Amino acid sequence: PLQKAAAAAAAAPSAGWADLQSAAAATPTGARLAGEDAAIAAGEGPPSSRATLRLFGHAEADVRVVLYRDHAAWCPYCQKVWLQLEEKRVPYRVEKINMRSYGDKPDWFLQKVPGGLLPAVEIDGKLLTESLVIMQVIESTFASFGPPMLPSDDAGVGRANELLQLERQLFGAWCGLVFRPSMPGPLGAGPKKAFEACLDKVEEALGESPGPWLLDGEHPTVVDLQYVSHVERMNASVLYWKGINMRGGARWPRLERWLDAFEQRPAYQASKSDYYTHVMDIPPQYGPGFEDGSREASEARELISGKSWRLPLALGPAGLEPLTPHMDKGEEAARHEAAYRLAGNAAAITRFAARGAGRPGRKQFGAPLADPYATPDDAIQPAVDELLRGVACALLTGDASEAAAPAAGVKNKAAARECLAYLRDRVG
């Protein structure tokens with residue numbers, strides 16, 4: 001059926017996407033995704049960035065929480081609160097709002113939250129901002145839900161506060177390393193040493209409990225959530241700009257065990273992003289990162305910015321961007337998932353890609369890849385549509401030549417190439 005779909009798409013453009021969508025749905029991965037999508041739409045199913053309602057077996061009338069988070073599911077402060085709600089299985093709704101660097105926030109949200117801060121949460125109609133405050137209120141309000149995520153004894157609270165102070169030290173050391181130009185000579189090594197020394201302290205702290213978490217217990221706590229959203233972004237950014245690989249080495253094995261424990265949890269799997277997305281999204285939010293000129297940083301930048309995208313993909317737990325067994329669904333399943341999503345939203349994706357040959361929006365935003373008011377080139381859309389159907393065929397069959405076949409009939413190849421590059425650079 002996959003080869004039939006590929007042939008049908010080439011021979012009958014008007015029916016091509018329907019054939020491809022049917023073929024994608026007929027795969028084991030497509031069948032799984034269809035079931036998950038139906039469950040997610042009903043407020044159940046696995047954690048997902050697409051979900052707008054999470055019930056965990058409760059009635060919709062029981063929902064007391066509204067989480068306002070970013071559309072792209074990237075904001076680190078939103079991620080912490082999202083993870084907590086999922087881990088505790090607290091029913092909640094989601095309203096998606098642009099981060100300021102990516103587009104305008106709706107007027108109704110600015111009336112509710114004048115500063116436009118994300119995340120924001122409403123609990124029983126009461127509005128809260130500031131992620132750490134939100135997490136403490138969630139824990140106290142929904143103490144009977146899920147595992148306890150804050151200690152209740154004085155000693156435990158004291159230790160939690162010490163670890164939260166250490167997290168702020170690590171955050172400051174990261175900012176001092178990544179977002180300031182490196183000085184030449186011996187003095188220039190100071191920020192790197194300070195960051196690595198702070199990581200050593202975190203490594204030591206992780207050794208004080210028998211399990212993988214910062215506080216003793218079988219589940220992550222608010223302290224772990226406070227750390228992980230920025231440690232995830234540190235993994236990508238210090239590698240990309242400074243050549244420091246935090247993963248898989250001998251210096252921080254407990255940190256690796258901690259990250260591995262997170263990557264086994266479905267909620268974290270749903271919220272975790274990739275290195276390319278991180279290094280593109282960090283500068284608009286935190287400021288530009290400064291490369292230190294090292295060979296390690298140059299190699300990492302080349303890999304993260306495009307070399308690692310070329311077929312055949314070299315993915316695995318030993319890579320600079322490790323793909324651990326818990327996160328690895330397999331090459332065929334990944335291809336079929338991409339085909340299923342592409343075929344299911346083909347018209348919108350084609351129009352979005354056609355912005356690459358269209359006109360930029362008059363209003364621009366801080367993120368260089370964001371242009372929400374861009375106008376697509378309608379004339380190029382049939383060519384882009386044909387090329388994307390070739391991509392879908394290749395994803396389904398595993399034959400990369402399927403993606404190249406439609407290119408022969410495209411007249412304006414330069415414009416079509418710009419459109420595909422525009423889409424590729426924003427797939428994150």
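Me: Which residues have the most contacts inside the largest nonpolar core of this predicted model, and how many residues does that core have?
Reply: The largest nonpolar core has 79 residues, and Phe195, Tyr227 and Trp258 are those with the most contacts inside it. Helix α9 (residues 222–242) gives the most to this core, namely twelve residues.

Me: What is Phe195 in contact with, leaving aside its neighbours within four places in sequence?
Reply: With those neighbours set aside, Phe195 is in contact with Leu170, Ala173, Trp174, Leu177, Met234, Val238, Ile244 and Met246.

Me: Why is the pair of Tyr68 and Phe109 called tilted?
Reply: The ring centres of Tyr68 and Phe109 are 5.6 Å apart, and a pair requires centres within 6.5 Å; their planes stand at 45°, whereas under 30 degrees would count as stacked and over 60 as edge-to-face, so the pair is tilted.

Me: Why is the pair of Phe171 and Tyr286 called tilted?
Reply: The rings of Phe171 and Tyr286 have centres 6.4 Å apart and planes at 55°, so this pair is tilted. The pair links distant parts of the chain, with Phe171 in helix α7 (residues 154–178) and Tyr286 in helix α12 (residues 275–286), 115 residues apart.

Me: Why does Phe171 count as buried, and why does Tyr286 count as partly exposed?
Reply: Buried means under 20% relative accessible area and exposed over 50%; Phe171, at 15%, therefore counts as buried, whereas Tyr286, at 22%, therefore counts as partly exposed.

Me: What makes the charged end of Arg69 sit over the ring of Trp82?
Reply: The charged end of Arg69 is 4.8 Å from the centre of the Trp82 ring and sits over that ring, where the distance cut-off is within 6 Å.

Methods
Residues numbered from 1 in each chain as written. Predicted model: local features only at pLDDT ≥ 70, side-chain atom pairs only at ≥ 80, totals over all residues. Heavy atoms only, no water. Core = buried A, V, L, I, M, F, W, Y, C linked by side-chain atoms within 4.5 Å. Buried < 20%, exposed > 50% of the residue type's maximum accessible area, 1.4 Å probe, protein only. Helix = DSSP H or I, 4+ residues; strand = E, 2+ residues; numbered from the N terminus. Contact = heavy atoms within 4.5 Å. Phe/Tyr/Trp six-rings, centres within 6.5 Å; stacked < 30°, edge-to-face > 60°. Lys NZ or Arg CZ within 6 Å of the ring centre and 35° of its normal.
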